[in-house]
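Open the model in your viewer and keep the selection tool ready. We will go from stop to stop.

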Amino acid sequence: MLSHRDLMDTFGQNDVSDADDDDVINNLHTCINLIASAIDEGTGQWVREHNKGATQSYSDDEEDFIPDNNHSVTHLEGYCSDTDATVLYIGTIPRCREIHHTTGFLFEDNVHHKMIMRQGQLFRDEFQFRRAVEVFSLREGFKLCIIENGPDLIHLECSSLRCDWKIVGAKISTGNSFIVKDISLTHACHIKRAFKCTSKWIAANYLHLWKQNPETASVEVKQQIIQTFGVVCPEWKIFKAEKRAQQLLGKDHVQGYTRLTQLKTEIERINSHNIVVLETKDEDSGCSKIFHRMFVCFHEPAFTFKMNCRNFIAVDGWVINSVHKSVMLVAAALDGNNDILPIALAEVEIEDFTSWYFFLNNLNRALRRENGEGLCIITDGDNGVLEAIEDCIPLAHCRQCCCSIYNQMLVQFPDPPVKDLFWAACRSTSEVQFTRYIKMIQSSSIECHQWLFQTQWKKWALHCMPVWVKCTNVTIMLTVYLRNSFAKFFSLSIADRFAAISSFIADTYERRRLSGWNWLRNKITPSVQQQIRNRVIQGQQIRILYSTGRQMKVEDTDSMTYEVDITSMTCTCRLWQLSGIPCSHACRCLEELGENIEDNVHQLFSMDQYRTTYASGMDKLPERSKWQLKLCDEILPPSAPDNTSFIADDLYDQTLVPTQNDTKETHVEASGAK
């Protein structure tokens, strides 16, 4: 350890004042080296401070030590129809181009099998890039320091003060793939490579063996460890390292299907009200079962939705590119704070009418609705979902995503002159405003006007939304944010994927339960408070024409007049009725009367309701190693497509990515589009 006496001896305590400049500089340089050596030889946990991001020291335990700071939590919090306002003018929900030729983990083809990390190397996403850097640091024997750790840019450096090694990865503009933007070729620090008996270290240092041959025996790895380090490692540790290596390389998907029966048992064991439907089909030989489809609905989100949330559900299908390509069907809702709440998940082979009927039928059974009565469902309308809704839950009110309508319009009219007017019409909260914009569309393009009226416009026009829904969403953007939160689980095997999503939802429940008690002084949820603040600001430009008690007539900046009735909580713009939150006209009138605006918000958005929503919490699945063993028929994965050339660690998961503008909140009342 470096002591105070060491520093004094270096400087020469009695001669500091007499030293010349060169001696002082040399002594300072020596002291800096002594401090660096003490830090490197001490705890080994030194991390440099940096003003651009959180720094973190690492340990050699069994957990991954580069956190996935991709803001997956914030994707689900405080979402509302204002959030996707600017995406409407983009016209389509952005979808990334699929890239198959990613390099992933590379090793030299010689006796050393050194891992290759070079500039321009491509990884399928940020998660694989993080894992690759973790493996590289373990193989090379140095510790990492986080400088920047975001969803679009990751900057890591060597933690030694005397080493300038760094690596910078960035997301490419055409998709979710990550590319090595900059990397140092050599280390200036002295790297000590010693054996560490952890499954993470073993998996990293012998990953090349499992890359070359997934069937590499644990005995072979054990012998190599003995020859190289002279250490006898327990076989159970090597077995655990093998499982970790297979997960890193994406080669554990077959085992994932064999664990589905175990997963089903565990989900039903933690809560008997959880619903898991696992369907298989017979193999041609009739000896084995082949996976067909699976539906999962946890009791807590379903009960929360029925009792404390708006009866509004968004459904969507996500393609998951893996060894055995599949589609994940999802249903999500919004709570009182406009937080996204996953209700049910299903994994099917293809997205078609049969798959959607299977999903919606089980969802309706889980929610215990009579033919979908009292539900409002919004969807993109593709791949037979509309027909499945009509057949399975005919009493549900079906809505269609405006982005889907706009995409169809682009096919007919590649450069429509009425795109702004279309979105203004979509978000019009009253029939008067909708008619006004439709007439403007007709004057601009008769062809577009005729095409729009051939669509089922009552399914996408906001003013046709039932007032009992208390929601103003016209797109399925909330499922896009949900997918971005789940994206890091898509490279896992099917059993691990569902287990990870289950744990993610349970953690979300607990976080929101605690947040509810942090807002004790609030009467309504923070998200709704922010919407009210925005509408109060807009209401400052509104003029009151006359007032008869609690009924008023107002005029906005466009010289449009509206009538507000405080007692019945209505406004002729209809935003108050549709959203359950006072519009800007109502906010102006309430301020004039001196009344509290929050007292006129629907009960669904109260903090008491929000705390009740998450009060019960949610039981979490145990770790996979603690799952109960059960004798059952082996489930085989569905066959991979014959025309697909697949490399497991070269997977790319096509992800819906909102643009930067999607997170900006803008709002224009009934006089315009959001």
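Predicted model: local features only at pLDDT ≥ 70, side-chain atom pairs only at ≥ 80, totals over all residues.

**Stop 1: the largest nonpolar core.** Select Phe295 and Phe359. Of the 113 residues in this core, these two touch the most other members. H19 gives the most to the core, with 10 residues. Colour domain 3 (255-400 + 475-508) and domain 4 (402-467) separately. Both give residues to this core, so the core lies between them.

**Stop 2: around Phe359.** Centre on Phe359 and skip its neighbours within four places in sequence. What is phenylalanine 359 in contact with? Its partners are Phe295, Val315, Leu329, Val330 and Ala331, along with Ala344, Leu345 and Ala346.

**Stop 3: a second core.** Select Phe105, Phe123, Val135 and Ile154. They are included in a separate core of 41 residues.

**Stop 4: a helix pair.** Show H20 (residues 526-539) and H22 (residues 584-593). At what angle do H20 and H22 pack? The angle is about 80°, and the axes are 8 Å apart. An angle of 65 to 115 degrees counts as roughly perpendicular, so H20 and H22 are roughly perpendicular to each other. Next, show the side chains at the meeting point. H20 brings Arg535, Val536, Gln538 and Gly539. H22 brings Ser584, Cys587, Arg588 and Glu591.

**Stop 5: the annotated span.** Select residues 562-594. UniProt lists this span as "domain: SWIM-type", in an unreviewed entry. The span is 45% helix and 18% strand. Draw a distance between its end C-alpha atoms: they lie 20 Å apart.

Definitions and conventions
Residues numbered from 1 in each chain as written. Heavy atoms only, no water. UniProt positions renumbered as here; feature names shortened; annotations may be inferred. Helix = DSSP H or I, 4+ residues; strand = E, 2+ residues; numbered from the N terminus. Core = buried A, V, L, I, M, F, W, Y, C linked by side-chain atoms within 4.5 Å. Buried < 20%, exposed > 50% of the residue type's maximum accessible area, 1.4 Å probe, protein only. Domains from an automatic or database assignment. Contact = heavy atoms within 4.5 Å. Axes fitted to C-alpha atoms, helices over the stretch in contact; angles between N-to-C directions. Parallel < 35°, antiparallel > 145°, perpendicular 65-115°, else oblique.
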